[in-house]
Every structure is written in C-alpha cells, then in structure tokens.
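Me: I am new to this structure and would like to go through it step by step. Could you please show it to me?

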Amino acid sequence: MSEPSPLALPTTAVADRPLLQVRDLSMRFGGLLAVDNIHFDVHGNQIFAVIGPNGAGKTTVFNCIGGFYRPTSGTVLLDGHSIHGLPSHRIARLGLVRTFQNVRLFKNMTVVENLLISQHAQLETGLLHGLFKTPKYRRAEAEALERAAFWLEKVNLLPVANREAGNLAYGQQRRLEIARCMITQPKLLMLDEPAAGLNPQETRDLDRLINELRAENDVAVLLIEHDMSLVMGISDEILVMEYGRPIANGAPEQIRNDPQVIKAYLGEE
Amino acid sequence: MPRHFSEAVLVALLAGLLTVPILGIQIQVEGIHVSLEGNPAPVLLAMAVVFLLRLLQVPLKAASGLMHITRRFPLPTHLPTAYRPFLLALVIVAAAIWPFTASRGSVDIATLALIYVMLGLGLNVVVGFAGLLDLGYVAFYAVGAYGYALLSMHFGLSFWECLPLCVIMAATTGCLLGFPVLRLRGDYLAIVTLGFGEIIRLLLNNLDHLTGGPDGIGNIPKPTLFGLEFARRPSIEGGTTFHEFFGLDYNGADTVVFLYLVALVMTLLILYMINRLIRMPVGRAWEALREDEIACRSLGLNPTVIKLSAFGFGASTAGFAGAFFAARQGFINPESFTFIESAIVLAIVVLGGMGSQIGVILAAIALTALPEIARQFAEYRMLIFGLVLVLMMIWRPQGLLPATRPRLELPVRPEAPQ
C-alpha cells in the first residue's frame, strides 16, 4: 500500500500551504443539515479552536474530517491531498488523529498496552519474527516500550504505567488519550473537548501540555472546547459555529468582540 | 411463611395443569387399537417437586448466595511464574508417557479429546480474543478433513504433505468468507457463519461426484512416521512398516498411541502459536478491537485486516484439526460436520472461559471424555449438557477458569515516584 508521501513534494511549496483545508463541508442526516458549508484552514503548528453552543455540529465536523462520517458534500485536504472519503484508519495513518468527547481507552488493558496499540502501524515486524522472537522483533518491542515510557513521562503517567487504563482517574484518562495519539507522531491532533470534566488545576496543566506539544513536536492542534478561558488563551484562530453554520472566524480578540458571536452565546436583546 | 405456602400451592397447581398433557396422558397400544390413558403418578411427582422447590426457595437462595461467595475465591490460575515452565514441562512429559501405560480405548478417547482441544483453542482466538461470534466453525474443520481426504485420494499425497495444504485451504476459505462479512457488525457475522456451516455440509452431501455425497470417503491413509506405516503389511509394494523396521511384533495399539502422540504434538504447536500471537502486536490488536473498534480506527488500525487475521487463524486451526480427524477416522462423511459440532466447540469455549486457554483445554477434555466414559447416560447427554450451560451462565458466566490476560508491563524504574 503506497500512499503519496507528502515529504516528496518540494518543501518551499509546503511552507505556505495550509496543513488542513476544509472546503464547503456539509453533512446531512435525513432532514437535518448538521453541518452547513463549513470552510476553514489549519496551518502547520497552529492551534485552531472550533467553538459553539451544544448541538452546533462541532463533533460532526470532526467526524467528517476523520473519516468516521462520509460528508454529504465538500472537500477535505490534508497536506494538499484529498482525504475525502478515505476510511478513518487510512486518514489516521496519514497523520491526523483524534481524541473523543467521551474518553475511549482500552479499559481492560494496561496504560502501557494502550500506548503499544497505537504504535501498531509502526510495529508490524512480520509474523515469523514475532513467532520466533527474533532479535529484530525484540528490538522493535523494546523501542516501542521506550517510546511509551517517554510519552508517559511527558503526560506525567509513568507511576501508573502498569495499571489498567479503566482504573485511572478521569483526568489521567484524558492525558493518556492524548499520549496515545501523540505516540503515532501525527501532523494534526484533533481534541474533542479535552477539558471536559477536568478541575481548574488540570485544565491549566492541559493548557501547558498542548502548548508544549505544539512547541516540541511540531504538531498542529484542532480543538473543540467549551472552556472559554482555555480557548481564548491558547488558540491562534477560532471558528464559531451555530446550527451547523459558521458565524465567525478569526483571532481570539476578534471573536470576543464579534456581535454575532455574542448574540449566539448570550441571546438577542 | 403462610404466604410462601399458598404461593407454593398455586405454583404446584399450575405445574400440574401444564404437565397433564405432557406427562399425564400415555398412549396405550393394544393390538391395532390406540387409546389414551390417564397416568397421574408423574404429574403428582412433578407437582410435588415444584411445590417443594417453591417452598424452599428462600433457603435455596441463601445457598446460592454461598455459591456467590465461593466465586470470590477463584481457583488458583496464577501460579508463581517461576514454577510455570517446570510445571508445563511436567504436564507435557506426563501427557507423552501416559498412552504407553493406558488402555487402547482410553488413548483413543484422549486423541478425540485432543482434536476438540485444538478446535476449542482455535475458536477461542476468534470468539474469546477477537470477539467475533462464529457459529459455523465446523465448516473449516470439514474443509481440512475433506481437503486431506481428496488430496490423498486423487494425488496420493501423504498426511504430512497435506497438513500445510489443508491449513492454507481452510485459511483461504476463512478469508474469502470473512472479507465481505467482517466489515459488518457482529450479529451479522454470527448469522452468515451459521449459514456458511450449513452450506458447506450441504455441498459435501450433494457434490456426489467429488465428495462421495452421504457415503463419504473411505480408506483415508493414516499418518506415517518418516515414511513408516503403522499396518500389518505395507500398503505399497516395497514399503516398510513400523514394526518391521524396528523388528517388533505387530501390535494394533501402536497406531493408536502414535495417533495420540501426533495429536499431542499438533496441539502443542497450536498452543505455542497462540501464546506467541496474543503477545504480539496482532494479538494486542485483536483484543483492542474487541474493546473499542472506533478507537482502533482512530489510531490507524485497519479493523478488517485485524479481524480477518483472527478469523483466518481460527479457520486454519480448524483445518489443521480436520486433516488429522480424517486421518484418524480413515473415513469421513458429512454427518461428522453438522451444526451440533460447531455448538459443542462453542460450548467448550464458553464453558472454559472465553479467552482462557487452560479453561478451554479442560472444558474440551471434559466435554469429550465424560460422554465416552459415562456411556450408560448417553440418552441424557444433551439434557445434562444444556443444564450445565444454564447453570454456568447463572453462577459462573466467565467460565470455569476465567481468562487472565498476559499483561504487558513496563519494567519498574527505580526513579519513578510512586
């Protein structure tokens, strides 16, 4: 299976091209137009937030981009290549991974095992190597464990590495889910309400973690979030949605003072 | 107490009403006349049993409460890891020496039990680890058995040459069937595999010119030991038999012991394969997929390929066992591959505990050896079988020996603060 490698393109062309381009994206469920003509760009190393009242269609946008839904119309380009209609696991292998609004860990597996699962694509050393425990296989497994340890350290979960993931505290589960994504070395990390259910201290830690990830791992972050202080502080650009439609798009300052956004959130006078 | 009593009376009366048509009327045949005759004894007995059970319901519940407590003291599945290789070696050696001391009949039954152990272990991967409900597992067993029978009949290939071919054939069949179906949700898989099992059996029954139809295929050669046959006389001119080569007297029991040992080696091979696979990335992926398919997809795991690998591995194990089954029986026909076989193998997996290999092995031995030993209760076999399954679902739904997953752990680092 050979995917066109974006690395093969001249780097100069990549520099000013957005990492993710979403064009005229619409998603219809029967009579309900859940997403209506959404249009935005995420640049490399950018933190981009999608906000809006409940039911505005934010998660649906995520599901469309990630290949969990097949959008009714519109295009999605990652690194200039269309990922529209690809199955979700192919999109993930192209470097676009996500977390879920309700944490989706492998609850009966240990924390470390959760991190090994997400390295599956990189870990395929071949059946015979595994059956006979060849040195190549042992090395690959050891390296995978090493990477897992690195990321556990990063999200401060090393002390609970051998616990079952389902037994972790909620905040820890959220961090594990982020580590599980990051270990795949994604280009774009999509976080669906990462601060939901976190206490103020944990939210501040999350803020720092996201900034660190961006700075150290050259990853762009697309997030859905309701915690306004987090969103306003962390985002480079914000898209506001209401009833599936985009109502504003711009820097946090702009969004804060946009009359339509204020109307959507506080209601009309 | 009076309330319990009146309730019990009511329930007993209901039981009497329901049992009258079933137990209370007997058909009497006198010459050519058939007449119905009342027979109150069984009805009264049933009423008495129901009455007593209802009356004693409360004390019985308390007793079952005690059973629940026993669940908190599970059988020791965790042996100290240091003893494990030693114990494993001991069991293998004992299993290898045992046939030389046992009677021919019991070795034969043990061989049959080993076939079911192989089938159970294979289905355990599909149902227990990957969580795919396969109700037509016997189809792949049939593919292996008929594969060997036909290959040896038409091309004169030996058992050892056919074994890998049968495995490949069964795996291919599994993949061909699985590919379109595994994309769908689990329930559909159960239905389609159920149908597929029947289709294979009907094909075997009706493709007379190829499979011999209901008459089956006979004279299937037994496995040889490096070309040495286990027979009184070599079947081909100039061949050597086992007893001639070693200068022994011919003994029919040698064949039985040899077949047992072949089955034992095959079982150990499967056991080794499975134990490697579940610790490898693919085995972890099976489990992850069973837990959360969407999360797997979001991390770049291709669900179809992973399910297919589990399904294909299960099918190839069945093909492996099937080829041996054909060789052992020397004769096969479609009657050996009915739905009840799939059901028995599935029951082995459920009884043993899904995902638990020791449990599955013990359940396979119990379910094949017990009916053979207790032949006088053969009529009640299915009844007892059903009863055991129902009781298991009530008291021990996780199986005899619940699975303990091989947990992969990060080596403890001294600097890690706890």
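Me: How many residues does helix α11 of chain B have, and how far does it reach from its first C-alpha to its last?
Reply: Helix α11 of chain B, residues 253–277, has 25 residues and reaches 36 Å, close to the 36 Å expected at 1.5 Å a residue. The expected span is 1.5 Å times one less than the number of residues. Helices (H or I, at least four residues) and strands (E, at least two) are DSSP runs, numbered from the N terminus. Please note that this is a predicted model, in which local features need pLDDT of at least 70 and side-chain atom pairs count only at pLDDT 80 or more, while totals for chains, interfaces and linings use all residues. Residues are numbered from 1 along each chain as its sequence is written, and chains are lettered from A and ligands numbered from 1 in the order in which they are written.

Me: Which residues of α11(B) are buried?
Reply: They are V256(B), F258(B), L259(B), Y260(B), V262(B), A263(B), M266(B), T267(B), I270(B) and L277(B). A residue is buried if 20 or more other C-beta atoms lie within 10 Å of its own, exposed if 12 or fewer, and partly exposed in between, with C-beta atoms placed from the backbone.

Me: And what covers them?
Reply: The cover includes α4 (84–101), α5 (104–129), α12 (281–291) and α14 (303–329) of chain B. Two residues are in contact if their C-beta atoms, placed from the backbone, lie within 7 Å.

Me: Take V117(B) next: is this residue buried or exposed?
Reply: V117(B), found in helix α5 of chain B, is buried because 28 other C-beta atoms lie within 10 Å. Leaving aside neighbours within four places in sequence, V117(B) is in contact with T267(B), I361(B), A364(B) and I365(B). V117(B) and V345(B) are 228 residues apart in sequence, yet 8.8 Å apart in space, C-alpha to C-alpha.

Me: How is chain B divided?
Reply: Chain B has domain 1 (2–59) and domain 2 (84–395), with bounds from an automatic or database domain assignment. The C-alpha centres of these two domains lie 44 Å apart.

Me: Turning to chain A, in what order do the strands of the open sheet stand?
Reply: The 6 strands follow the order β6-β7-β8-β3-β9-β10 (chain A), with mixed pairing. β6 (96–98) and β10 (245–250) of chain A stand at the edges with a single partner strand each, so one side of each is left without a neighbour in the sheet. Two strands pair if DSSP finds at least two bridges between them.

Me: Which strands run parallel to β3(A)?
Reply: β3 (residues 47–51) pairs in the parallel sense with β8 (residues 220–224) of chain A over 4 bridges, and I47(A) has V221(A) as its bridge partner in β8(A). β3(A) and β9(A) also run parallel, joined by 4 bridges; there, A49(A) partners I238(A).

Me: How many bridges join β9(A) to β10(A)?
Reply: There are 5, and these strands run antiparallel. L239(A) stands opposite N249(A), and E242(A) has R245(A) as its bridge partner. The hairpin has 2 residues between the strands, and Y243(A) takes a positive phi near 50°.
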